[in-house]
Amino acid sequence: MPDTMADVVLRSEARLARSLTGYPFTGALDAQQESEILERIAPLCEGGRFALLPLAALSSQRKALLIEERLLPIKPAQNEHESMAIALDRENSAAVMINGEEHLCFHAVRPGLRLQEAMDCVLTEERLFARDLMFAFDRQFGYLNGAFADVGTGLRLTAALHLPYLEKAKRAEAELKALQGHVVSAKMPLGSVYLVLNGATIGVTEEEIALSVAGAARRLAKEERQAREKALLENPEEIPTELSCMREMLFSDDSLSEKDCMLNWSFLRQAVTAGALPRKLEEVDALLTASSPGHLDAAAGRTLESDERGAYRLQIFRDFLGAEPPERRA
């Protein structure tokens, strides 16, 4: 099997934008036109492949879950209207946003470096809808959409990477600037997480986009692995020592903020990849999802207050680490 580089690459995401012919682009639609678009698309979701969910009928908790699972974009969720809907596949691994950022946006998420698989998923879903719908297309420019960034292929591929060792060595920014091809990058606020994505959808093919983004992700993953190996050789006791301190801290505190949750998750991932913590990476990554506000509220069966979420979040990390440190049990 190909190396998905899951020790560095957190996930692969694909987004494909399409607009229907015969209608203004999103932003210029009136309520009647939005309703007509939904009425045309809704029958295509029947037959068991998709579950069509009007956003206005979803609870805030359900929308939070979809956002945290990266199937529902934040902006449409914050500006919903009666004709906005999301169609989910039965495995919750792909979604179709209707009347959101464009008339249609196909989304797919996969763990690790599986950009080709995510891209194939959205292109397959798009072909199913294209049997009954005509999408706006120009021979010179490609697919037409309301946002210029969606003109051309309409495809956006993103790889999210965890680069703590490159960041600690102060090399992350330089490595990102050295990337070549049709790619841009961004740093997330916390957790040493970086995004690599295609900077253009026009003038390039889907295959060229996939090759560029995947190539950039592989290069960064290779550099991160080398930086990790070097750091562990130079200071083999650093991770076990910090893990012991982290365990002590978690069993001393009474709450865990979202910021500290990200920092602790990032370190636990380092501990697993260093071999200092005998757990699976997917188990560590599940901590982040389970500790998100929507998932915490869903687990509790109600909307929690901020301090309650902090306490629940702390317990999740304690349960993951297991028993209290011996000195605290004494």
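Predicted model: local features only at pLDDT ≥ 70, side-chain atom pairs only at ≥ 80, totals over all residues.
Two packed helices are described by the angle between their axes and the distance between the axes. For helix α9 (residues 258-273) and helix α12 (residues 306-321), the axes come within 11 Å of each other and cross at roughly 15°. Because angles under 35 degrees count as roughly parallel, α9 is roughly parallel to α12. The crossing in which α9 passes α12 is left-handed. On the α9 side, the residues in contact are Glu258, Cys261, Asn264, Trp265 and Leu268. Their counterparts in α12 are Arg313, Phe317, Phe320 and Leu321. Sorted by class, this contact between α9 and α12 holds six nonpolar residues, one polar residue and two charged residues.

Rolling a probe the size of a water molecule over the atoms shows where empty space is left. One cavity of 30 Å³ or more was counted in the model, and the space in the largest cavity amounts to about 40 Å³. The lining of this largest cavity consists of Asp7, His162, Pro164, Tyr165, Glu224, Arg228, Arg269, Gln270 and Thr273. Two or more lining residues are given by each of α5 (164-168), α7 and α9. Helix α9 supplies the largest share of the lining, with three residues. In terms of class, the lining of the largest cavity is made up of two nonpolar, three polar and four charged residues.

The second largest pocket has a volume of about 230 Å³. Its lining comprises 13 residues. Among them, Leu113, Arg114, Leu115, Gln116 and Arg218 lie nearest the centre of the pocket. The elements that contribute two or more residues to the lining of the second largest pocket are α4 (115-130) and α7 (206-234). Five lining residues come from α7, which is the largest share. By class, six residues in the lining of the second largest pocket are nonpolar, two are polar and five are charged.

Technical notes: Residues numbered from 1 in each chain as written. Heavy atoms only, no water. 1 Å grid on protein atoms, 1.4 Å probe; cavity = no way out; pocket = protein on both sides within 12 Å on 5 of 7 lines; lining within 4 Å. Points joined across faces, edges and corners; volume = space filled by probe spheres on them. Helix = DSSP H or I, 4+ residues; strand = E, 2+ residues; numbered from the N terminus. Nonpolar A, V, L, I, M, F, W, Y, C, P; charged D, E, K, R; others polar. Axes fitted to C-alpha atoms, helices over the stretch in contact; angles between N-to-C directions. Parallel < 35°, antiparallel > 145°, perpendicular 65-115°, else oblique. Left-handed = near helix turned anticlockwise from the far one by under 90°. Contact = heavy atoms within 4.5 Å.
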